[in-house]
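Subject: Handing over the structure, with notes

Dear colleague,

I am passing this structure on to you, and the notes after it go through what was found. Please have it open while you read.

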Amino acid sequence: MEFLYDLPLLGFVFQIVGYLINAILNTNLAPQTLALATPIALGALCGVMNERSGVVNIGIEGMMLTAAFVGFMAAVVVSDAMPDAEPNAFFGGTPALVVGVLAAIGAGMLVSVLHAWLSISVRADQIISGTVINIIALGLTGYLNRLIRPSGSAGTFDSFRPPEALVDLPIVGWLFNMFLSQGPITMSVIVFVIVLQVLLFRSRWGLRTRAVGEHPRAADTVGVNVIALRYRNVILGGIFAGLAGAWLTLEFNASFQNGMTANRGFIALAAVIFGRWTPIGAFGGALLFMFSEALGVAIRSDPPPGDLGVWLSGIQASYPSLYNNSFSALPYILTIIVLAGVVGRSVAPAAVGQPYVKEGAH
Amino acid sequence: MKIARKIYALSIVPIIAIVLALLVGAILIILSSPASQGQLDLLLPIKAYEALLEGATGISFIDLDRDAVTLAISLVPSTQALTNTLVAAAPLVLTGLAVGVGFKAGLFNIGGTGQVLVGGFFAALVGATVAQQPAPIAVTVAILAGALGGALYGFIPGALKAFTGAHEVVVTIMLNSLAGIAIVGLVNDIFKITGPTFARTADVGNAALPVLFGRDGNLGIFIAFAMVPIAYFLIYRTTLGFEIRTVGANPSAARYAGMSPRRLIILTLSLCGLFAGLAGAIEILSLGYYPAVFGTTIGFAGITVALLGRSHPVGIALAALLLGGMRAGAPLMQIEADIPIEIIDVIQGLILLFLAAEVVIRRAFRIRAETVAPDELQTVSRSYGEGSA
């Protein structure tokens, strides 16, 4: 196999492929990608829930940030109240962490209620509603964080350690490692993605949701309550944004910093479009985007051998910052390309962004 | 008489939104006062807003001395405080226009942040190149470079929307993040100068904006406010402005009238970018260099400014003065009342919230819905799900 690497030009391609295969199979790249993709995928599920029923949501960033803060604060309060609570065998969960997650979900849903009310009942411009949420969330969490200056921490959930025998199995062992060496929120993502995909395309609720997103008038005519369905979907979508926030402060980090979502909500929006408004597609988009990020880290710590490595480390030596940042730029560039229809067009649900007015009820 | 009624009709909802936002902000300050004061302090909002006003204008009503609050009315505005307000308002006027002009054409330019960064970056690079030239030439060239940079960065979503139908909201959100990432890399790797402890570009030398009054009342203030009548003339007194307003109010009517929506979309978003680029240029040429990490919120604040100002250049100027005053007064509020300056962002977001809920406010305050609300806004997110233009 090694002789392939020495071919002119083509050898370069083989080196890249070889490095990727090796990195994916033999390093922690896959589980790391899945972990990093968790908040993106959860945010994207929130986006799918909203947009499939005809409500634009650019406020995912703010929902996540609010949930991250509320979840963290709730966990700190509980952990201060009961400092002796022992972590249980289930992901090292403590009452504080569990309360934190529930609080984060509640916060996500509460912010979603505001978005639903503004977009559906008030019939405000939905993009402005999302902007309101982003601005208030950034300001309010920043204000309260600076004011309260939380000192303690409730720790984080532990990752599950799958038994060695399972991980050592050929092929499936790799999958077990990717999906099981994770914390509880990350592990739950794959379940949510599959369940939502099935529900959206195989259930009565899914059919109604898609109908309301494409042609609310027609759905109304056959007896679907458009307003109620949109409310339900937007508020339930808040659960996912809330979980994404909980991941930030209760699974990935053990602290809260102002603006710590760092555009993840916008990347989630990108994943929705990239995945053409399907849960599986959005999950794929999140994985692809974060694979780029994780690969950047992997190459830095373990550069590929041969010409490729020399070439890459040459670039890295001359342009370290541009080199590192190019891995994070991928989601944005890919999304613009997909939106522009260069590689297949991604078309939003037809009624997205349009408030629904029942006929004769004006 | 007619004009007075029109001004009333246009400004009543924004004024109510501001008052409500300040009220909700006051409640928030009271509820959160135990964290900083140790007890529920019902007077804290008054102290806070008074300090805010004093920081923004110099006018003060009370004298705060640790525990004692004494009445000490001083209605003399301070030049320095007013200068601070103008300095903070100048870029907001421009980013407000960057959003407001887009609204006129039914376009939502969320890309202000990215256009500010690119404009500022262009101004810094060109400014450093002409740093040794005579000041009038250097300043002019650097400012034009910033405007051009912003316009180019506005052209991209314009062209993408016109020719592929990619919705400008998502594209500009992506371009915001992209500009941040790319410029940090470029400054760190290529344009960094040796010497300073942090990564930044070379000094702009003679291209720095000259200070005309006060400690930092520079040329940027005049440039920004000069754009207000220019934008007004452009929108309401030129053929291009008429076309922009027509395509915003009714795209299909515009097409029937022989206007080219494509050309207008590209032109409008480039123009929006130009205004935001100017804002970036002013910020950077006041600072004197481009720091690798240039965190600025003026781009997003432009959305609030434009909506509060009803997308009208005069309204935008007033809204920018209000928000600029809050920004200028916030540091004093933090010192005197011990309230984090982030409260300003909360109030700004609340203003936007109440503006978004305009229908509810009209109903609650029994304000007749006169047809002066900008109709163009109606088309903004409605177009989100549409395919190609």
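**Ala202(B) and its surroundings**

If neighbours within four places in sequence are left aside, Ala202(B) is in contact with Ala128(B), Ile193(B) and Tyr289(B), where two residues count as in contact if their C-beta atoms, placed from the backbone, lie within 7 Å. This is a predicted model, in which local features need pLDDT of at least 70 and side-chain atom pairs count only at pLDDT 80 or more, while totals for chains, interfaces and linings use all residues. Residues are numbered from 1 along each chain as its sequence is written, and chains are lettered from A and ligands numbered from 1 in the order in which they are written.

Ala202(B) is found in the loop between helix 7 and strand 3 (211–213) of chain B; helices (H or I, at least four residues) and strands (E, at least two) are DSSP runs, numbered from the N terminus. Ala202(B) is partly exposed because 18 other C-beta atoms lie within 10 Å, given that a residue is buried with 20 or more such atoms within 10 Å of its own C-beta atom, exposed with 12 or fewer, and partly exposed in between. From C-alpha to C-alpha, Ala202(B) and Val359(B) are 51 Å apart in space, and they are 157 residues apart in sequence.

**Where the chains meet**

Between the chains, 46 residues of chain B are in contact with 51 residues of chain A. Several helices of chain B each supply at least two residues of the side that touches chain A, among them helix 2 (33–37), helix 6 (135–164) and helix 7 (168–191), and helix 7 of chain B gives the most, with 14 residues. By class, this side of chain B has 30 nonpolar, 12 polar and 4 charged residues, where Ala, Val, Leu, Ile, Met, Phe, Trp, Tyr, Cys and Pro count as nonpolar, Asp, Glu, Lys and Arg as charged, and the others, Gly among them, as polar.

**The nonpolar cores**

The largest nonpolar core has 239 residues, and Ala41(A), Ala271(A) and Phe275(B) are among those with the most contacts inside it; such a core is a set of buried Ala, Val, Leu, Ile, Met, Phe, Trp, Tyr and Cys residues joined through C-beta atoms within 7 Å. Helix 11 (residues 261–287) of chain B provides the largest share of this core, 15 residues. A second, separate core of 5 residues includes Ala211(A), Ala219(A), Val226(A) and Leu229(A). Ala211(A) is also one of the buried residues in helix 9 (residues 204–214) of chain A, and what covers the buried residues of that helix includes helix 2 (29–52) and helix 8 (184–202) of chain A.

**Two residues with positive phi**

Phi of Ala262(A) is near 45°, a positive value in a residue other than glycine, and Ala262(A) is found in the loop between helix 11 (226–252) and helix 12 (264–274) of chain A. With 14 other C-beta atoms within 10 Å, Ala262(A) is partly exposed. Arg366(B) likewise is not a glycine but has a positive phi of about 55°; Arg366(B) lies in the segment after helix 15 of chain B, and is exposed, with 6 other C-beta atoms within 10 Å.

With best wishes
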